Structure formats: C-alpha cells, structure tokens
Amino acid sequence: MAEVSVTKDAAPAADELVALKNVNKHFGALHVLQDIDLTIAAGEVVVVIGPSGSGKSTLCRAINRLETVESGTITIDGKPLPQEGKELARLRADVGMVFQSFNLFAHKTVLENVMLGQVKVRKVEKAAAAQKARALLDRVGVGTQADKYPAQLSGGQQQRVAIARALAMDPKVMLFDEPTSALDPEMINEVLEVMQQLARDGMTMIVVTHEMGFARSAANRVVFMADGRIVEQATPDEFFNNPRSDRAKDFLSKILHH
Amino acid sequence: MNVLLDNLSLFREGFIGTLELTGASALVAMVLGVIIAGFRVSPVPPLRIFGALWVTLLRNTPLTLLFLVAFFVVPKVLFPDLDSFLLAVCACGFYTSAFVAEAVRSGINTVPLGQAEAARSIGMTFTQTMSLVVLPQATRTVVPPLSSIFIALTKNTAIAGAFNNVDLFNVSKTLSNDGYDIAVIFLWITLAYLIVTYAINGLFRLLEHRLEVAR
Ligand SMILES: Nc1ncnc2c1ncn2[C@@H]1O[C@H](COP(=O)(O)OP(=O)(O)OP(=O)(O)O)[C@@H](O)[C@H]1O
Ligand SMILES: [Mg+2]
C-alpha cells in the first residue's frame, strides 16, 4: 500500500561517461581552467582544439587527476575522482592516456610495456597478459616488434605501442594529448589510422590534436578552447564551416592556411 | 716479536668485526635510504616533511654525536638493554641512510617525469610506480655515488670500535695498550681497511659494468 516514489533524482544520464562541472584550476596567477563544463557520452569521440597555452593538456590531465583541480567536480562513469591513493589508482586504470612523448617504459620491452599494467594492476596471469598484449600489438600493427626495447622503435611505432599499453587495461575512455605532435610527418598517418579504427570500434575518446583531417572524419564533436575556457562546441562540419566565435574564426584562419 | 703473527686471531676478530658492522649498517642504510627517498618524492606532505627532516638532521649531525646519543641517551630513555653491536649498527646505518636517500633521490630526478606519469595513468599506485618503473631506471645513476658512501661507511664504523665493539680500530687500541710499536700496528690496520674498501670499490665497479652492458 506504500506509495512508491518514482521521481528521478539528479543521477547522471546513463550514457554520460565523463562529466566536468564548473571545474577551475590555477597555475599561480594563471587561471588555466575557467568554469569548465563538459560532458562526454559513452562511445563519443570529442576533439579538443585551441591555441597553444589554452589549457587543453591541463584539461586532459585533470580528467585522470594527473593535475588536481581547485573547484568543481569531475566524474568518470558517475564516480567522482577520489583523493590520491589506491582508489584513485583503480579509477585511473579505467582511463587510458596517450602522451605526446609516448612515455613507454624505457627499461621494458614492448611486450612487457603492454603486460605490466595487466599483471600488476589488473592481476591478470602472465600467460594471459602476454597473449592479450600480442593480440593488441598485432591490432596496432607492431606485433613483430614485441621483443625490442622502445628506443629501438620509430616514433610512430612507439606511439602505437603506447596506445596498445593503454588499451590493455580495457579503459572506459581514452585520452589523447597531441598524440602525433612529436612525430615525423610520414608517421602521423599510421597513428591516426589506429585512432580512427578505435573510434569506429566505439571507444569513447577525448583527443587533443591539431590534425583537422582527423577531427573532420572521426569526431562527433569539436570543443574549441581559448584562454582556459570552452569557447565553442559543435559538430565538426558546423565548426569548420561555420565557426560562431571570433576566437574560433581567427584560430581556424591561421591553421587552415598551412 | 711480530705484531701481526703474534696476534693473528685478534686481527681476524677485528677484521670480521669491521666487516659485520659495515655489512649490517650498509643493509640498514640501503633499506632506510630507499624508503626515505620514496618519502621525499611522495604525494603525501607529512611523509615529505618527515623525509626532509630525517635527511637534514642525520646528514648534519657529527657521527660521534649520534654514537653518544645511541649509547648514553637511548638506553636511558628508550631501550635499556640493546647490545652495543645493534646500537652501533643503528647509529652508522641511520647516519648513512641520509646519504643513500640523497643519492637515490637525485637518481629518481634523472628519470623523466613522463615515466612516472605513464605508470600512474595505467593505475599503478605510488609504491608500484616507484618500485617497477622509476627505481629500476634510477639504478644506473645511483650506483656510482653509493660506492663512495659505503667506503665512507666502512671507515666510519671505526667509531664503533671506541664504543665497546671489537673491530679493527678497537684491536689497534688493544695492541697499543699491549705495548706494540704503534707505527707497525697502524700499518697493518690500514692495510686491513684498504682490503675492505678496495673490495667495495671492485664490487661496485662490477655492478656498474653489469648495468652498462644490460643497456
Ligand atoms: N606545471 C605547470 N606549472 C605552471 N604553469 C603551467 C604548468 N603546466 C602548464 N602551465 C601553463 O598553463 C597554460 C596551459 O597549459 P596547457 O599545457 O594546458 O596548454 P595547451 O593548450 O595544452 O598548450 P599546447 O598546445 O602548447 O600544448 C600554459 O600557459 C602553460 O604555460
Ligand atoms: Mg598541450
């Protein structure tokens, strides 16, 4: 006879995987993230672009708490980022990160790079971890390099290994911070192709990049940042053909001429 | 009369005493040093402060003063019946740990920050990041300074000889009290210390070479 209340509470939408609400951060006097509101749905590919120093990297790093923020909330799959410690480590394992400078573990072979997190963080058996690592390395096209050390690989190969290392953790979302900026031109495409494939496979991705071709073809949404703020968000078509803000117009006119 | 041949067993006892003091203190210093270095780069502020205090305090205190504290203050207020070997090892080990911590910390600083960030980003805890990714890469820069730290430690254990421990220094005192020529005693004692320090030097050379090849 009791009445059952069915009012919806403020729970996040089911497909809201990453949510930043009113996030602020300073580096000294510099306000690098200003009232950032951003939500990313499961399966969505969001490209973040903007001029140098606008806070793109900081945004990326804040999402897996490599940078702390001063105010606002960041949630991953409904869970707010915890304080530094075991619980944060567990949450980070669900958020893959690919760095501009690859950051492969220099003292480990390619195979070991992709196994380490599985074995030590996910507690997977070594044999199973190796098998999965080899499959992932094949998937990103560097299967034949498994026993080499990172320094023996080209930049493009290293970055693809880094992607495999992140994927080995079965992340819910992948963050890419200018993954091709440190690469020679002829290697950029091999990395972008892996990322395209990943996007097609339904991975949720947040990608900071200056590769407009990738943004056009793979992104569901473009987020334009300037001076620590999100100035504009739109579909790639809208953004590239009809930017609304002056900052975006100015930025696009500069980069599209090259 | 021959100092060495007449007192061979005493010399041997002193030599082994010095070896034991050095070995045990080195072990304590190594373990503590790595832990303290970890504290100093940890994300937890109280640990960082503790680490900094530990290093500053121990590195800037004369070792003789530490020995005085260990042998006259510690038994009175804390542990009344620790034997003199243990007290000496603590004094030498704690003192040397401050130097080891600094060597390890500077080694850690040579490892690019991106290595630790990558480790954290795949979900490793701080301890895992240190032990699996950062420290193994720091070893190559840490080993050379450790060699001099442990050679200094060997010589520092002589202070323990003045505090109730049988080591080379203690033997030299005993023999000079027995009336042997002090110059000859010192010659043999110095030679014995040289053997130990030379062995340490060689050991670390070997280790450095190994690490070089492994690259
Ligand atoms: N650790 C730091 N300490 C102090 N200032 C920092 C730090 N990291 C970044 N900054 C500053 O914060 C601002 C935003 O940096 P961020 O790296 O997020 O920009 P970005 O948009 O990624 O730029 P880029 O395109 O050059 O990579 C910059 O002005 C930068 O100098
Ligand atoms: Mg950046």
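**A helix, a partner and a ligand**

Reply: Both R61(A) and E117(B) are buried. Buried means under 20% relative accessible area; over 50% is exposed, and partly exposed lies in between (1.4 Å probe, protein chains only). The model is a predicted one, in which local features need pLDDT of at least 70, side-chain atom pairs need 80 or more, and totals for chains, interfaces and linings use all residues, while side-chain values use heavy atoms, without hydrogens or water. Residues are numbered from 1 along each chain as its sequence is written, with chains lettered from A and ligands numbered from 1 in the order in which they are written.

Now join the pair. R61(A) and E117(B) form a salt bridge, with their closest N and O atoms 2.7 Å apart. The bridge crosses between chains: R61(A) sits in helix α1 of chain A, and E117(B) in helix α6 (residues 113–121) of chain B. A salt bridge needs a side-chain nitrogen of Lys or Arg within 4 Å of a carboxyl oxygen of Asp or Glu. Helices (H or I, at least four residues) and strands (E, at least two) are DSSP runs, numbered from the N terminus.

Next, look along α1(A). Seven of its eight residues are buried. They are K56(A), T58(A), L59(A), C60(A), R61(A), A62(A) and I63(A). Just after the helix, R65(A) takes a positive phi of about 60°.

What surrounds ligand 1? The shell holds F27(A), L30(A), V32(A), P51(A), S52(A), G53(A), S54(A), G55(A), K56(A), S57(A), T58(A) and E178(A). To count as near, a residue needs a heavy atom within 4 Å of the ligand. α1(A) gives the largest share of this shell, three residues. Both β2 (30–41) and α1 (56–63) of chain A supply at least two residues. By type, the shell has four nonpolar, six polar and two charged residues. Here Ala, Val, Leu, Ile, Met, Phe, Trp, Tyr, Cys and Pro are nonpolar, Asp, Glu, Lys and Arg are charged, and the others, Gly among them, are polar.

T58(A) has a side-chain N or O atom 2.5 Å from one. For S52(A), that distance is 2.6 Å. A polar side-chain atom of E178(A) lies 3.1 Å from a ligand oxygen. The protein covers 58% of the 620 Å² of accessible area that ligand 1 has on its own. Accessible areas come from the Shrake-Rupley method with a 1.4 Å probe; for residues, only the protein chains shown count as cover.

Back to salt bridges. How many does the structure hold over all chains? There are 14. One of them joins the side chains of E44(A) and R221(A), at 2.9 Å from N to O. This pair links distant parts of the chain, 177 residues apart: E44(A) is in the loop between β2 and β3 (45–49), and R221(A) is in strand β9 (residues 221–226) of chain A. E44(A) counts as buried because its relative accessible area is 15%. R221(A) is buried too, at 14%.

E232(A) and R244(A) also meet in a salt bridge, at 3.8 Å from N to O. E232(A) lies in strand β10 (residues 229–234) and R244(A) in the loop between α8 (236–241) and α9 (246–255) of chain A, so the pair ties together parts twelve residues apart in sequence. E232(A) is buried because its relative accessible area is 3%. R244(A) is exposed because its value is 54%.

Methods:
A polar contact is a pair of N or O atoms within 3.5 Å; within protein, one must be able to donate a hydrogen and the other to accept it, and residues adjacent in sequence count only if both atoms are side-chain atoms.
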